[in-house]
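Dear colleague,

Please find below the structure I am handing over to you, with its sequence.

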Amino acid sequence: MIEQLPNLPAGVLGFRMRGIVTAEDYESVMVPDIEAAFALNRKLRSIIHIGDDFTGFAPGAMWDDVKLGFRHISGWDRTALVTDVGWVRFMSVTFGVVMPTHFKLFGNDQLDEAMRWVTAP
(Lines give C-alpha, C1' and ligand atoms only; values in the text may rest on other atoms or scores of the structure.)
Protein backbone atom coordinates (compact mmCIF):
# COMPACT_ATOMS: atom_id res chain seq x y z
CA MET A 1 0.00 0.00 0.00
CA ILE A 2 1.14 3.55 -0.72
CA GLU A 3 -0.15 6.50 1.29
CA GLN A 4 0.40 10.22 0.80
CA LEU A 5 2.38 12.03 3.47
CA PRO A 6 0.25 14.97 4.63
CA ASN A 7 1.04 18.65 5.19
CA LEU A 8 3.94 19.09 2.79
CA PRO A 9 4.59 22.45 1.12
CA ALA A 10 3.83 23.08 -2.55
CA GLY A 11 6.35 21.40 -4.83
CA VAL A 12 7.08 18.59 -2.37
CA LEU A 13 5.48 15.16 -2.69
CA GLY A 14 5.66 12.54 0.02
CA PHE A 15 4.64 8.90 0.14
CA ARG A 16 4.78 6.12 2.72
CA MET A 17 5.01 2.50 1.62
CA ARG A 18 3.48 -0.18 3.86
CA GLY A 19 2.87 -3.90 3.57
CA ILE A 20 3.00 -5.19 0.01
CA VAL A 21 3.29 -2.44 -2.61
CA THR A 22 1.59 -3.27 -5.92
CA ALA A 23 1.68 -1.83 -9.43
CA GLU A 24 -1.92 -0.75 -8.82
CA ASP A 25 -0.74 1.30 -5.83
CA TYR A 26 1.62 3.22 -8.11
CA GLU A 27 -1.09 3.75 -10.72
CA SER A 28 -3.80 4.83 -8.29
CA VAL A 29 -1.80 6.88 -5.76
CA MET A 30 1.60 8.03 -6.99
CA VAL A 31 1.09 8.54 -10.72
CA PRO A 32 -1.90 10.91 -10.43
CA ASP A 33 -0.20 12.99 -7.72
CA ILE A 34 3.09 13.20 -9.58
CA GLU A 35 1.49 14.04 -12.93
CA ALA A 36 -0.69 16.73 -11.33
CA ALA A 37 2.31 18.21 -9.50
CA PHE A 38 4.42 18.32 -12.67
CA ALA A 39 1.58 20.09 -14.46
CA LEU A 40 2.07 22.93 -11.96
CA ASN A 41 5.83 22.75 -11.27
CA ARG A 42 8.88 22.37 -13.48
CA LYS A 43 10.91 20.85 -10.62
CA LEU A 44 9.69 18.73 -7.73
CA ARG A 45 11.07 17.38 -4.49
CA SER A 46 10.04 14.08 -2.99
CA ILE A 47 10.30 12.08 0.18
CA ILE A 48 9.62 8.35 0.30
CA HIS A 49 9.27 6.58 3.64
CA ILE A 50 9.58 2.80 3.64
CA GLY A 51 9.01 1.86 7.26
CA ASP A 52 9.28 -1.29 9.33
CA ASP A 53 5.79 -2.37 8.25
CA PHE A 54 6.89 -2.66 4.58
CA THR A 55 6.99 -6.31 3.47
CA GLY A 56 7.92 -6.02 -0.20
CA PHE A 57 6.93 -5.27 -3.76
CA ALA A 58 4.43 -7.36 -5.70
CA PRO A 59 5.47 -8.46 -9.21
CA GLY A 60 5.43 -5.49 -11.57
CA ALA A 61 5.59 -2.88 -8.82
CA MET A 62 9.34 -2.32 -9.05
CA TRP A 63 9.06 -1.87 -12.82
CA ASP A 64 6.35 0.76 -12.28
CA ASP A 65 8.67 2.49 -9.82
CA VAL A 66 11.46 2.63 -12.40
CA LYS A 67 9.11 3.88 -15.14
CA LEU A 68 7.66 6.52 -12.85
CA GLY A 69 11.08 7.86 -11.91
CA PHE A 70 12.28 8.05 -15.51
CA ARG A 71 9.08 9.58 -16.89
CA HIS A 72 10.16 12.98 -15.51
CA ILE A 73 13.84 12.22 -15.03
CA SER A 74 15.06 15.81 -15.32
CA GLY A 75 12.27 17.21 -13.13
CA TRP A 76 13.39 15.87 -9.77
CA ASP A 77 15.20 18.49 -7.70
CA ARG A 78 15.72 16.75 -4.37
CA THR A 79 14.77 13.24 -3.23
CA ALA A 80 14.92 11.81 0.29
CA LEU A 81 14.52 8.09 0.94
CA VAL A 82 13.80 7.10 4.53
CA THR A 83 14.19 3.40 5.30
CA ASP A 84 16.02 0.78 7.32
CA VAL A 85 15.23 -2.02 4.82
CA GLY A 86 18.71 -3.31 3.94
CA TRP A 87 18.18 -4.32 0.32
CA VAL A 88 16.29 -1.07 -0.46
CA ARG A 89 19.14 0.96 1.03
CA PHE A 90 21.70 -1.00 -1.00
CA MET A 91 19.75 -0.56 -4.26
CA SER A 92 19.21 3.16 -3.64
CA VAL A 93 22.90 3.78 -2.96
CA THR A 94 23.88 1.70 -5.98
CA PHE A 95 21.51 3.38 -8.44
CA GLY A 96 21.02 6.75 -6.72
CA VAL A 97 24.33 8.02 -8.07
CA VAL A 98 23.05 7.91 -11.68
CA MET A 99 19.84 9.82 -10.98
CA PRO A 100 19.91 13.52 -11.92
CA THR A 101 18.60 14.66 -8.53
CA HIS A 102 20.06 15.55 -5.18
CA PHE A 103 19.50 12.23 -3.40
CA LYS A 104 19.94 11.55 0.29
CA LEU A 105 19.34 8.37 2.27
CA PHE A 106 18.01 8.48 5.85
CA GLY A 107 17.21 5.87 8.49
CA ASN A 108 13.71 5.56 9.95
CA ASP A 109 14.86 7.37 13.09
CA GLN A 110 15.81 10.36 10.88
CA LEU A 111 12.36 11.00 9.34
CA ASP A 112 12.14 14.52 10.82
CA GLU A 113 15.63 15.34 9.53
CA ALA A 114 14.68 14.04 6.07
CA MET A 115 11.58 16.24 6.08
CA ARG A 116 13.66 19.29 6.96
CA TRP A 117 16.22 18.49 4.23
CA VAL A 118 13.71 17.91 1.45
CA THR A 119 11.66 21.03 2.29
CA ALA A 120 14.59 23.42 2.95
CA PRO A 121 14.85 26.38 0.57
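Please note that this is a predicted model.

Strand β3 (residues 44–57) pairs with strand β4 (residues 76–83) in the parallel sense, over 7 bridges. Within this pairing, Thr79 of β4 stands opposite Ser46. The sheet as a whole is open and mixed, with 5 strands in the order β1-β2-β3-β4-β5. Because β1 (2–4) and β5 (102–106) stand at the edges with a single partner strand each, one side of each has no neighbour in the sheet. From one strand to the next, the twist averages 20 degrees.

Two helices that lie across the sheet deserve mention. Helix α1 (residues 23–40) lies across β1, β2 (12–21), β3 and β4, and runs at about 175 degrees to β2. Helix α4 (residues 111–119) lies across β2, β3, β4 and β5, at about 155 degrees to β3.

The structure also holds 4 aromatic pairs. One of them joins Phe38 and Trp76: the ring centres are 5.2 Å apart and the planes stand at 80 degrees, so the pair is edge-to-face. Since Phe38 lies in helix α1 and Trp76 in strand β4, this pair ties together parts 38 residues apart in sequence. Both Phe38 and Trp76 are buried.

Phe57 and Trp87 form an edge-to-face pair as well, because their planes are at 75 degrees, with centres 5.9 Å apart. Trp87 counts as partly exposed, at 41% relative accessibility. Ring pairs link Phe54, Phe57 and Trp87 into a cluster.

Finally, Arg78 lies over the face of Trp117, 5.0 Å from the ring centre.

Yours sincerely

Technical notes
Residues numbered from 1 in each chain as written. Predicted model: local features only at pLDDT ≥ 70, side-chain atom pairs only at ≥ 80, totals over all residues. Heavy atoms only, no water. Pairing = 2+ DSSP bridges. Helix = DSSP H or I, 4+ residues; strand = E, 2+ residues; numbered from the N terminus. Axes fitted to C-alpha atoms, helices over the stretch in contact; angles between N-to-C directions. Contact = heavy atoms within 4.5 Å. Phe/Tyr/Trp six-rings, centres within 6.5 Å; stacked < 30°, edge-to-face > 60°. Buried < 20%, exposed > 50% of the residue type's maximum accessible area, 1.4 Å probe, protein only. Lys NZ or Arg CZ within 6 Å of the ring centre and 35° of its normal.
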